Amino acid sequence: MLVVLNPRANAGTALRRWEPVESALRDRHPHLSVELPADAGHATDLVRAAVTRPDPPPVLVAAGGDGMVNLVLNALMDPATDHPRAPGCALGAVGLGSSNDFHKPVPGTGRIGTVPVRVDAARAEFVDVGKACVLLADGTRAVRYFLLNASMGLVAAGNHSFNHATGVVGWLKSRSVEAAIIATALATLATHRPLPVAVRGGDWSHAAPITNIGVLKSVHFAGGMRYDTAVTRADGRFDVNIWAEAGKLRTLGLVAGLYAGRFRRSPLAICHRDSVVELRPDRPAPLELDGEVTMVESARLEVLPRVLKVCAA
């Protein structure tokens, strides 16, 4: 088992939270190996070196937040084949981050102390992976993979602000992640404007300005919010949840409902299910993939059915 650990996760508290988890894991996995990369590029290099060697690790664990899981996923996946570079390798995770949406819902047995873990390779299952083919704002093209969701609009803007938080929100992040997320959401909502996006699925389209669009493989997002739509990790489809254009008070009501797991009955909710979705904003816009944000001109999102083995909790 190889663990790639982000010591800077959750405002730099990850190492302290990792110590009791490492002790418990070493009791179960005596040959556990831990790497602490210097930065994201180093982490990517470590993962690719591990999964392309003649004896790749049977379990590759991303220890950190959802961004670390996304980094390891993208280093593991091969754009030439849309499959893992080491087909027998199972992806695991230790939730040391701020949201840890990859672990949700966390079963009673899915924690070591207070930390959520997914490291049971014996009960690993194959899950879908989202693939994003994007045209970047500089005119180049890229492929990104995601396991949880993609978004454009309010949530992507909020994620960008949260990831680069300073001042009061930065201070809150180190003390109460949920309070920092709420503060970021309110600040983002105060300045956000509806975004004209042409959205196209297999047999449907939506061309009106939107407040947000979520393209989901998991209903959990942004820490404490969740949708009440039907998507599962291995059903071969996305849930496509659009928040219609609305004023700030109505949007705030929708956000409050999402903290209680209510979306479909909102008058602002527009719901589709599909395996391919195209997004074309009228100007370069942030695209969020599992909490990581990139400026794009357009994006084509598709489901890769059951291509990745993921450890159970």
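Visitor: Is alanine 222 buried or exposed in this structure?
Guide: Let's start by saying that this is a predicted model. Alanine 222 sits in the loop between β15 and β16 (225-226), and its phi is near 55 degrees, a positive value in a residue other than glycine. Its relative accessible area is 17%, and the cut-off for buried is under 20%. Alanine 222 is therefore buried.

Visitor: Where is asparagine 100, and is it buried or exposed?
Guide: Asparagine 100 also has a positive phi, of about 55 degrees, although it is not a glycine. Its place is in the loop between β6 and β7. With a relative accessibility of 8%, asparagine 100 counts as buried.

Visitor: Which two residues does a cis peptide bond join?
Guide: Look at the loop between β6 and β7 (111-112), where proline 105 lies. The peptide bond there has an omega of about -10 degrees. The residues joined by this cis bond are lysine 104 and proline 105.

Visitor: Which residues does histidine 220 contact, leaving aside its neighbours within four places in sequence?
Guide: Histidine 220 is found in strand β15 (residues 220-221). At 15% relative accessibility, histidine 220 counts as buried. Leaving aside those sequence neighbours, its contacts are Asp101, Lys104, Pro105, Asn149, Met225 and Arg226.

Visitor: How many disulfides does the structure have?
Guide: A disulfide needs two cysteine sulfur atoms within 2.5 Å. Take cysteine 89, which is buried at 1% relative accessibility: the nearest cysteine sulfur, that of cysteine 311, is 8.2 Å away, and cysteine 89 is in no disulfide. Searching the whole structure gives a count of 0.

Visitor: Is cysteine 271 buried, exposed or partly exposed?
Guide: Buried means under 20% relative accessible area, and exposed means over 50%. Cysteine 271 has a value of 37%. That makes cysteine 271 partly exposed.

Visitor: Which residues does valine 72 touch, not counting residues up to four places away in sequence?
Guide: Valine 72 is one of the residues with the most contacts inside the largest nonpolar core. Once residues up to four places away in sequence are not counted, valine 72 touches Val47, Leu60, Ala62 and Leu91.

Visitor: How many residues apart in sequence are the parts that phenylalanine 146 and phenylalanine 238 tie together?
Guide: The structure holds 3 aromatic pairs. In this one, the ring centres are 5.9 Å apart and the planes are at 10 degrees, so the pair is stacked. Phenylalanine 146 lies in strand β10 (residues 141-146) and phenylalanine 238 in strand β17 (residues 238-244), so the pair links parts whose separation in sequence is 92 residues.

Visitor: Which residues do ring pairs link into a cluster?
Guide: Begin with phenylalanine 221 and tyrosine 227, a stacked pair at 4.8 Å centre to centre, with 15 degrees between the planes. Phenylalanine 221 is buried, with a relative accessible area of 5%, and tyrosine 227 is buried with a relative accessible area of 5%. The cluster linked by ring pairs is Phe221, Tyr227 and Phe263.

Visitor: Over the ring of which residue does the charged end of arginine 118 sit?
Guide: The charged end of arginine 118 is 5.4 Å from the centre of this ring. The charged end of arginine 233 sits over the ring too, 5.4 Å from its centre. The ring belongs to phenylalanine 102.

Visitor: How many bridges pair β14 with β17?
Guide: Strand β14 (residues 209-216) is mostly covered, with 7 of its 8 residues buried. Strand β11 (residues 149-153) runs antiparallel to β14 and is joined to it by 5 bridges. On the β17 side, glycine 214 stands opposite asparagine 241. The pairing of β14 and β17 is antiparallel, and its number of bridges is 6.

Note on methods:
Residues numbered from 1 in each chain as written. Predicted model: local features only at pLDDT ≥ 70, side-chain atom pairs only at ≥ 80, totals over all residues. Heavy atoms only, no water. Buried < 20%, exposed > 50% of the residue type's maximum accessible area, 1.4 Å probe, protein only. Helix = DSSP H or I, 4+ residues; strand = E, 2+ residues; numbered from the N terminus. Contact = heavy atoms within 4.5 Å. Core = buried A, V, L, I, M, F, W, Y, C linked by side-chain atoms within 4.5 Å. Phe/Tyr/Trp six-rings, centres within 6.5 Å; stacked < 30°, edge-to-face > 60°. Lys NZ or Arg CZ within 6 Å of the ring centre and 35° of its normal. Pairing = 2+ DSSP bridges.
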